Amino acid sequence: MTPHRPHTPGYFVGIALVALALIALPFTLSAAGTAWVRITNLAILFVLLSLGLNIVVGYAGLLDLGYVAFYGVGAYVYALLASPHFGLHLPFWIILPIGAALAAFFGVLLGAPTLKLRGDYLAIVTLGFGEIVRIFLNNLSQPVNITNGPQGIALIDPVRLGGIGFGQSDRFFGLSFSGPMKYYYLLMLLLLLVIAVNLRLQNSRIGRAWEAIREDEMAARAVGINTTRIKLLAFAMGASFGGVAGGMFSAIQEFISPESFVLTESVMILSMVVLGGMGNIWGVIAGAVLLSFVPELLRYTVVPLQMALFKRTVIEPEVIRMLLFGLALVLMMRFRPAGLWPLRVRQREFGKQAAVK
Amino acid sequence: MKPVLLEARSVCKHFGGVRALHEVSLTIRQGEIYGLIGPNGAGKTTLFNVLTGLYSASSGAFQFAGAPLAISAPHLVAQAGIARTFQNIRLFANMTALENVMVGRHVRTHAGIIGAVLRGAATRAEEAAIQQRAVELLHYVGIADRANDLARNLPYGDQRRLEIARALATDPKLLALDEPVAGMNATETAALRVLIEGLRADGLTILLIEHDVKLVMGLCDRVAVLDYGEKIAEDVPEKVQRNPQVIEAYLGA
């Protein structure tokens with residue numbers, strides 16, 4: 001049941017303003033350079049990934065260090081089904097569900113042997129799983145060339161939707177839309193969908209079961225939750241989001257290789273979830289946006305700043321980036337261990353009304 | 001005589017060389033409060049854990065509500081209609097009281113992922129019913145005013161009540177309470193006793209493990225006594241109290 005909240009006019013105005021800002025955003029960004037639109041698109045992909053991982057880590061409390069494997073599965077499914085590599089060119093709305101389903105299958109494959117593990121033990125197994133998938137991608141070029149090994153797959157088809165190609169610029173309503181701008185709107189639609197799915201799952205029978213397992217697995221079993229099934233569902237759901245994000249990544253980049261699916265990426269996504277606030281989707285989104293943009297901002301400010309101060313580059317931007325990233329995580333864990341925007345104490349207003357009568 | 005609800009036949013549980021339970025047989029009848037007492041380490045909680053599927057029995061069998069009860073997993077036991085509480089309270093600490101009880105409805109409801117995402121009329125109706133029943137149960141155990149508080153913020157006595165409400169949410173035929181008044185003061189104990197008597201009046205069968213002999217003797221219809229993993233007595237409280245073996249087990253010879 002949806003909580004009944006009386007919305008003030010201000011609420012709707014606020015929503016409308018945010019929507020307008022998000023619609024106008026790519027135009028503003030293009031003014032600063034198309035690169036910023038691309039950066040934003042990658043940030044949205046990371047938001048999608050974080051929301052997927054949040055189901056496993058935030059809701060069900062299962063620490064997963066190999067999440068990038070599902071991203072890789074989705075990306076390779078898209079790449080293999082829409083590139084000259086196999087000569088297949090399926091439309092993206094067919095590939096995306098296939099990628100999601102295959103990633104979900106891999107999620108179950110990872111989940112099944114790890115059902116009895118928790119915490120650090122689970123983390124190690126999932127870490128190994130992520131590496132296995134990456135190594136497979138790297139080596140499945142012999143004896144039959146499936147993944148094309150470390151060279152990766154190139155010339156991947158951009159998304160085509162209703163005769164509109166996302167690879168080139170177009171003019172609609174007298175405005176020029178570049179390829180990345182079109183992807184931005186597509187990703188935003190996808191993101192809205194994923195947020196809606198997440199919110200609905202959270203306030204559902206399954207979502208409560210996930211939380212119950214996170215809180216006390218033994219008690220959850222005692223009240224009749226089939227923890228095996230519910231955990232596998234969490235792995236599968238989380239993985240399927242990763243698969244969708246991977247498919248979009250392939251289409252946007254038009255080239256992928258195993259290098260994009262390394263452990264550091266898993267750690268990055270996990271950091272986004274933890275930094276933002278596990279379990280709260282708005283916190284997770286904030287964490288993903290922050291960790292996607294701050295490094296890019298640094299890239300554009302660190303060198304000019306040093307040039308101005310010392311007339312030469314003393315520290316490489318990449319070094320500063322990791323330094324600040326590490327420092328931020330340490331400070332976070334020290335001062336806000338629950339995340340920037342942690343799961344608030346949920347007040348179910350309807351429950352209160354009913355209970356007081 | 002009332003029909004038998006649960007029958008345990010020659011249940012054994014061994015941990016390595018330790019005989020935690022040896023050939024324990026008991027019969028619980030519909031609508032009664034059945035007490036299970038015994039000195040520390042007698043095997044009471046082990047029997048509970050075997051019955052609710054947390055441990056698997058080394059040998060023996062259970063018959064529940066007229067059918068053999070195959071205890072292969074805890075959630076199947078809950079499904080069959082046996083709910084339990086824990087000696088050391090095990091709530092979902094970071095969920096509200098209401099949510100805790102709503103989780104208890106899990107086993108009697110059906111909505112899956114697709115239902116949750118599409119949220120059609122059937123799912124919404126089920127959610128509403130889950131919530132309504134949860135609120136009713138909070139009223140029933142007397143903590144409805146704490147519905148939106150996190151379980152971990154409830155006072156101790158209310159946590160016990162919440163755990164009972166959560167167990168009741170699974171629509172049990174048999175409610176197994178593991179030391180429900182442990183750690184409670186006299187007032188809280190008396191209040192919980194009223195609640196348990198109310199449950200019996202409403203037709204629920206209750207299996208009660210308790211250290212508080214006065215409570216057990218006053219509340220239970222029949223009592224079984226375990227000592228070193230074996231049942232040494234099973235009868236109405238007055239007779240059990242006069243049983244020399246029981247007196248010996250409790251007071252030492």
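Strand 1 of chain B and strand 4 (residues 59–64) of chain B run antiparallel to each other and are joined by five bridges. Strands here are DSSP runs of E with at least two residues, helices are DSSP runs of H or I with at least four residues, and both are numbered from the N terminus. Two strands count as paired if DSSP finds at least two bridges between them. Within this pairing, A8(B) stands opposite F62(B) of strand 4.

Before we go on, a word about what you are looking at: this is a predicted model, in which local features need pLDDT of at least 70, side-chain atom pairs count only at pLDDT 80 or more, and totals for chains, interfaces and linings use all residues. Residues are numbered from 1 along each chain as its sequence is written, while chains are lettered from A and ligands numbered from 1 in the order in which they are written.

One of the partners to look for is T27(B) in strand 2, which is bridged to E7(B). Strands 1 and 2 of chain B make a hairpin with two residues between them, and in the turn G16(B) has a positive phi of about 60 degrees.

Further along chain B there are positive phi values in residues that are not glycine. E179(B) has a phi of about 50 degrees, and you will find E179(B) in the loop between strand 7 (174–178) and helix 7 (186–201) of chain B. E179(B) counts as buried because 20 C-beta neighbours lie inside 10 Å. For this count, C-beta atoms are placed from the backbone, and a residue is buried if 20 or more other C-beta atoms lie within 10 Å of its own, exposed if 12 or fewer, and partly exposed in between. Y228(B) also has a positive phi, near 50 degrees. Y228(B) sits in the loop between strand 9 (222–227) and strand 10 (230–235) of chain B, and with 15 C-beta neighbours inside 10 Å it is partly exposed.

Another loop of chain B, between helix 5 and helix 6 (156–168), holds D145(B). D145(B) has 14 C-beta neighbours inside 10 Å, so it counts as partly exposed. From D145(B) to D227(B) is 82 residues along the chain, and their C-alpha atoms are 42 Å apart.

Now let us see where the two chains meet. On chain B, 41 residues are in contact with 32 residues of chain A, where contact means that the C-beta atoms of two residues, placed from the backbone, lie within 7 Å. The elements of chain B that give two or more residues to this side are helix 2 (74–80), helix 3 (97–104), helix 4 (113–118) and helix 5 (121–141). Helix 5 of chain B gives the most, with six residues. The residues on this side of chain B divide into 21 nonpolar, twelve polar and eight charged. In this sorting, Ala, Val, Leu, Ile, Met, Phe, Trp, Tyr, Cys and Pro are nonpolar, Asp, Glu, Lys and Arg are charged, and the others, Gly among them, are polar.

The C-alpha trace of chain A spans about 65 × 55 × 50 Å along its principal axes. A compact globule of 357 residues would have a radius of gyration near 21 Å, and chain A agrees with its 21 Å; the radius is taken over C-alpha atoms, and the globule rule is 2.2 Å times the number of residues to the power 0.38. Buried residues make up 44% of the 357 residues of chain A. Among its contacts between residues at least 6 apart in sequence, 74% join residues at least 24 apart.

Helix 1 is followed by G33(A), whose phi is positive, near 125 degrees.

Elsewhere in chain A, the peptide bond from Q142(A) to P143(A) is cis, with omega near -5 degrees. P143(A) belongs to the loop between helix 5 (119–139) and strand 3 (160–161) of chain A. Finally, A196(A) lies in helix 6 (residues 179–202) of chain A, and it is exposed, with 12 other C-beta atoms within 10 Å. A196(A) and Q306(A) are 110 residues apart in sequence, and 44 Å separate their C-alpha atoms.
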